[in-house]
Amino acid sequence: KRNALIVIALFIVVTAAYSTYRHKLSKDNEELVNKYQDEFISYVDVNGSKVATYMAGEGDYTIVLLGADSDCCPTLSLKPLADNLVDTYQVMIIDLPGRGYSEDTEDERTSDYMADVIHETLEKAGKTENIILVPNQLSSIYCYRFLEKYPEGVAGFVGVDAVFPALGKRFFEGNFNSVEE
């Protein structure tokens, strides 16, 4: 019992110290984050919510980068990748609603809804032809739905650690015990 109390106390101290450190780090970088937002982020109104985008580069094709669901700010975390592609392609990063610099939404976050957000964001940004979708992890499910609903204008799909619909179905049915999966 005494060892459990020591472990709990240690956990509380470590958590409090780390939280204080992260808060200070966030405060120290607030000006830099706001400057990045002012200089690089554009907004598109989608269903009454502001959706943040980062666009750079020139080219015949537009690569659309979508972060993993665990990525809190794709427009920030994927910018280094985007900047390595801008010599050949136009690159667009989208912060889906509730992520990064985008506003949150009360709408239900279904794959249909997210596909519609991606489509409307691209349309309002004038990007409707020669699109190459590059989703990471769960955002690939949104892109599969996008491809079903809006195939015109899509020139390619490159899933990065992508979840594919059959695997998603198996996972939700509880069939995820094999080494192969």
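This is a predicted model: local features need pLDDT of at least 70, side-chain atom pairs count only at pLDDT 80 or more; totals for chains, interfaces and linings use all residues.
Colleague: In which order do the six strands of the open sheet lie?

Modeller: Strands of a sheet pair through backbone hydrogen bonds, either parallel or antiparallel. Here the six strands form an open sheet in the order β1-β2-β4-β3-β5-β6, with mixed pairing. The edges are taken by β1 (41-46) and β6 (154-157), and because each has a single partner strand, one side of each is left without a neighbour in the sheet. On average, neighbouring strands are turned by 30 degrees against each other, direction ignored.

Colleague: In which sense do β2 and β4 pair, and over how many bridges?

Modeller: Strand β2 (residues 49-56) pairs with strand β4 (residues 90-95) in the antiparallel sense, over five bridges, and Tyr54 has Ile93 in β4 as its bridge partner.

Colleague: Which strands does helix α4 lie across?

Modeller: Helix α4 (residues 111-124) lies across β1, β2, β3 (62-66), β4 and β5 (131-135), and its direction makes about 115 degrees with that of β1.

Colleague: How many aromatic pairs does a search of the whole structure find?

Modeller: A pair of aromatic rings is described by the distance of the centres and the angle of the planes. The search finds three aromatic pairs, one of them formed by Phe146 and Tyr150, which is tilted, at 5.5 Å centre to centre and 55 degrees between the planes.

Colleague: Are Phe146 and Tyr150 buried or exposed?

Modeller: Phe146 is buried, at a relative accessible area of 2%, and Tyr150, at 16% relative accessibility, also counts as buried because the cut-off is under 20%.

Colleague: Which lysines lie over the faces of Tyr43 and Phe40?

Modeller: Lys50 lies over the face of Tyr43, at 4.6 Å from the ring centre, while Lys79 lies over that of Phe40, at 4.7 Å from the ring centre.

Notes:
Residues are numbered from 1 along each chain as its sequence is written. Side-chain values use heavy atoms; hydrogens and water are left out. Rings of Phe, Tyr and Trp (its six-membered ring) pair if their centres lie within 6.5 Å; planes under 30 degrees apart count as stacked, over 60 as edge-to-face and the rest as tilted. Buried means under 20% relative accessible area, exposed over 50%, partly exposed in between (1.4 Å probe, protein chains only). A charge sits over a ring if NZ of Lys or CZ of Arg is within 6 Å of the ring centre and within 35 degrees of the ring normal. Two strands pair if DSSP finds at least two bridges between them. Helices (H or I, at least four residues) and strands (E, at least two) are DSSP runs, numbered from the N terminus. Axes are lines fitted to C-alpha atoms, for helices over the stretch in contact, and angles run from 0 to 180 degrees between N-to-C directions. Contact means heavy atoms within 4.5 Å.
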